[in-house]
Amino acid sequence: MTDPQSRLAEWRLVELSANLAAVERRVADACAAAGRSRDEVTLIVVTKTYPASDVRLLSSLGVRNVAENRDQDAGPKALECRDLPLVWHFVGQLQTNKVRSVLKYADMVHSVDRIRLVDALSAEVQKSERPELGCLIQVALEGDPEPGAAHRGGARPEQVLQLADALADAPGLRLDGVMAVAPLRGRYAGDPAGAFVRLVEIASLVHRQHPAATMVSAGMSGDLEQAIAAGATHVRVGTAVLGVRPPLG
């Protein structure tokens, strides 16, 4: 007789498989609608708040790219899953005092938004002698911050090219492109399609100066279609694959 824990794992595998298939259909349909090949878009599954057991199940279903946004949760999870063929993306706001810890497992950081962070990442990569770190510049599309307003981080659009130059010149770092989250306020609040078009415009400027920087990380569970239509190369999907869980405290 199958024990309860095994039955629970089997049920979870069926659920994740169905959710993943539904997201894959959405991505494929969005690519077709935009006249793009499905191969042009990489799905990154955001596993924040979910256990390592879910990461293992996702790996068994063919997922190769996973993302985390809190180092205190990501570090132990990545260690537990170190035997899996995964690429780990760090997508949260990154403080310089967390750089050493994040670089123990992250293959890519999507949230580079200031020169000080570039310097800290470069210094730690060189010190640790780990492989080159892929980096994306997070672009803030909210406009001027308001006191007390929610802010998702990122460099202002007019700062991006200078930051791109600094990142491209930093030893141990690789400038791969740009990232953004649809803003909660400002000109593009409620308009993810417009926000992603603006991001791709900025990405084109970066690419002009740095031809190897081809990644555009944009779009989540609720707006991946708009991101793909605008030209995103990577979409970051969490709840549509894993379901809704209570937020971490």
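**Figure 1. Salt bridges in a predicted model.** The structure holds 15 salt bridges, where a salt bridge means a side-chain nitrogen of Lys or Arg within 4 Å of a carboxyl oxygen of Asp or Glu. Side chains of opposite charge can pair when their charged atoms come close. This is a predicted model, in which local features need pLDDT of at least 70 and side-chain atom pairs count only at pLDDT 80 or more, while totals for chains, interfaces and linings use all residues. Residues are numbered from 1 along each chain as its sequence is written, and side-chain values use heavy atoms, with hydrogens and water left out.

**Figure 2. A close-up of Asp54 and Arg12.** Here the two side chains meet in a salt bridge, at 2.9 Å from N to O. Asp54 belongs to helix H2 and Arg12 to helix H1, so the pair ties together parts that are 42 residues apart in sequence. Helices (H or I, at least four residues) and strands (E, at least two) are DSSP runs, numbered from the N terminus. Are Asp54 and Arg12 buried or exposed? Both are buried; the word means under 20% relative accessible area, while exposed means over 50% and partly exposed lies in between (1.4 Å probe, protein chains only).

**Figure 3. A close-up of Lys127 and Glu124 in helix H5.** Both residues lie in helix H5 (residues 115-128), three residues apart, about one turn of the helix. Lys127 forms a salt bridge with Glu124, and the closest N and O atoms are 3.9 Å apart. Lys127 counts as exposed because its relative accessibility is 57%, whereas Glu124 is buried, with a relative accessible area of 12%.

**Figure 4. A close-up of Arg114 and Asp113.** These two residues form a salt bridge, with the closest N and O atoms 2.6 Å apart. Arg114 has 27% relative accessibility, so Arg114 counts as partly exposed. Asp113, at 15% relative accessibility, counts as buried.

**Figure 5. A look into the second largest pocket.** About 200 Å³ of space lies in this pocket. Of the ten residues that line the pocket, the closest to its centre are Leu8, Ala9, Arg12, Ser53 and Asp54. Helix H1 (4-33) and helix H2 (52-60) are the elements that give two or more residues to the lining, and H1 gives the most, with five residues. The lining divides into five nonpolar, two polar and three charged residues. On a 1 Å grid over the protein atoms alone, a pocket is an open set of points where a 1.4 Å probe fits, with protein on both sides within 12 Å along at least five of seven lines; lining residues have an atom within 4 Å of a point.

**Figure 6. A close-up of helix H3.** Which residues of helix H3 (residues 71-80) are buried? They are Asp71, Ala74, Gly75, Lys77 and Ala78. These buried residues pack against H2, strand S2 (65-68), strand S3 (87-90) and helix H4 (99-102); a contact means heavy atoms within 4.5 Å.

**Figure 7. Stepping back to the chain.** The chain has nine helices and eight strands. Along its principal axes, the C-alpha trace spans about 60 × 45 × 40 Å. Of the 249 residues, 48% count as buried.

Notes. Points joined across faces, edges and corners; volume = space filled by probe spheres on them. Nonpolar A, V, L, I, M, F, W, Y, C, P; charged D, E, K, R; others polar.
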